[in-house]
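Here are my notes on the model, point by point. Please read them with the coordinates open.

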Amino acid sequence: MPPIINKEKCTGCMTCVTVCPMDCFGEAEQPEGAKYPVVNFPDECWHCNGCVEDCPAGAVSIRVPMPLNMVFVDAPKKG
């Protein structure tokens with residue numbers, strides 16, 4: 001399942017784009033010229049939680065598939 005970006009919290013820092021080992025994220029431009037991340041390749045997500053841990057705004061979350069829930073350790077919430 002793909003990462004979810006909360007656009008209300010997102011500041012457009014693109015940290016998620018740079019930390020993702022699978023290049024799931026990309027950049028998109030809003031009409032005002034501001035950039036924000038988008039999930040280009042949702043099926044490539046390894047659920048490593050790097051984007052969740054490193055997002056300074058806490059704008060990224062991951063839905064972990066049920067079979068992985070048995071071995072998945074959630075990142076601590078920031079803030």
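1. Is Lys35 buried, partly exposed or exposed? Lys35 counts as partly exposed, at 42% relative accessibility. The classes are buried (under 20% relative accessible area), exposed (over 50%) and partly exposed in between, with a 1.4 Å probe and protein chains only.

2. Ground rules. This is a predicted model: local features need pLDDT of at least 70, side-chain atom pairs count only at pLDDT 80 or more, and totals for chains, interfaces and linings use all residues. Residues are numbered from 1 along each chain as its sequence is written, and side-chain values use heavy atoms, with hydrogens and water left out.

3. Overall layout. The chain has two helices and four strands. Their order from the N terminus is β-α-β-β-α-β. Both kinds of element are DSSP runs, numbered from the N terminus: helices are H or I with at least four residues, strands are E with at least two. Of the 79 residues, 30% count as buried. The chain exposes about 5,300 Å², and carbon and sulfur atoms supply 55% of that area. Areas come from the Shrake-Rupley method with a 1.4 Å probe; for residues, only the protein chains shown count as cover.

4. Contact range. Take the contacts in the chain with a separation of 6 or more: 47% of them join residues 24 or more positions apart. Contact here means heavy atoms within 4.5 Å.

5. The hairpin. Strand β2 (residues 25-29) pairs with β3 in the antiparallel sense, over five bridges. Pairing requires that DSSP finds at least two bridges between two strands. Five residues lie between β2 and β3 in this hairpin. Gly33, in the turn, has a positive phi of about 100°. Across the pair, Phe25 stands opposite Val39, and Glu27 stands opposite Pro37.

6. The salt bridge. How many salt bridges does the rule give? The count comes to one. The rule asks for a side-chain nitrogen of Lys or Arg within 4 Å of a carboxyl oxygen of Asp or Glu. Lys35 and Glu27 are the partners, with their closest N and O atoms 3.5 Å apart. Glu27 is partly exposed, with a relative accessible area of 46%.

7. The core. The largest nonpolar core has 15 residues. Such a core is a set of buried Ala, Val, Leu, Ile, Met, Phe, Trp, Tyr and Cys residues joined through side-chain atoms within 4.5 Å. Cys16, Phe25, Cys51 and Val60 touch the most other members. At least two residues of this core come from each of α1 (15-19), α2 and β4 (60-62). Consider Val60, leaving aside its neighbours within four places in sequence. Val60 is in contact with Pro3, Ile4, Cys16, Phe25, Cys51, Val52 and Cys55.

8. Cysteines. The model holds zero disulfides. The test is a pair of cysteine sulfur atoms within 2.5 Å. Cys16 is buried, at a relative accessible area of 7%. Cys48 is partly exposed, with a relative accessible area of 44%.

9. Most residues other than glycine have a negative phi. Two residues deserve a check here. His47 has a positive phi of about 60° although it is not a glycine. Asn49, also not a glycine, has a positive phi of about 75°. His47 sits in the loop between β3 (35-39) and α2 (50-54), and Asn49 is found in the loop between β3 and α2 as well. His47 counts as buried, at 11% relative accessibility. Asn49 is buried too, at 2%.

10. The segment after β4. Pro65 lies in this segment. At 23% relative accessibility, Pro65 counts as partly exposed. Beyond its neighbours within four places in sequence, Pro65 is in contact with Met1 and His47. Pro65 and Pro2 are 63 residues apart along the chain, and their C-alpha atoms are separated by 9.8 Å.
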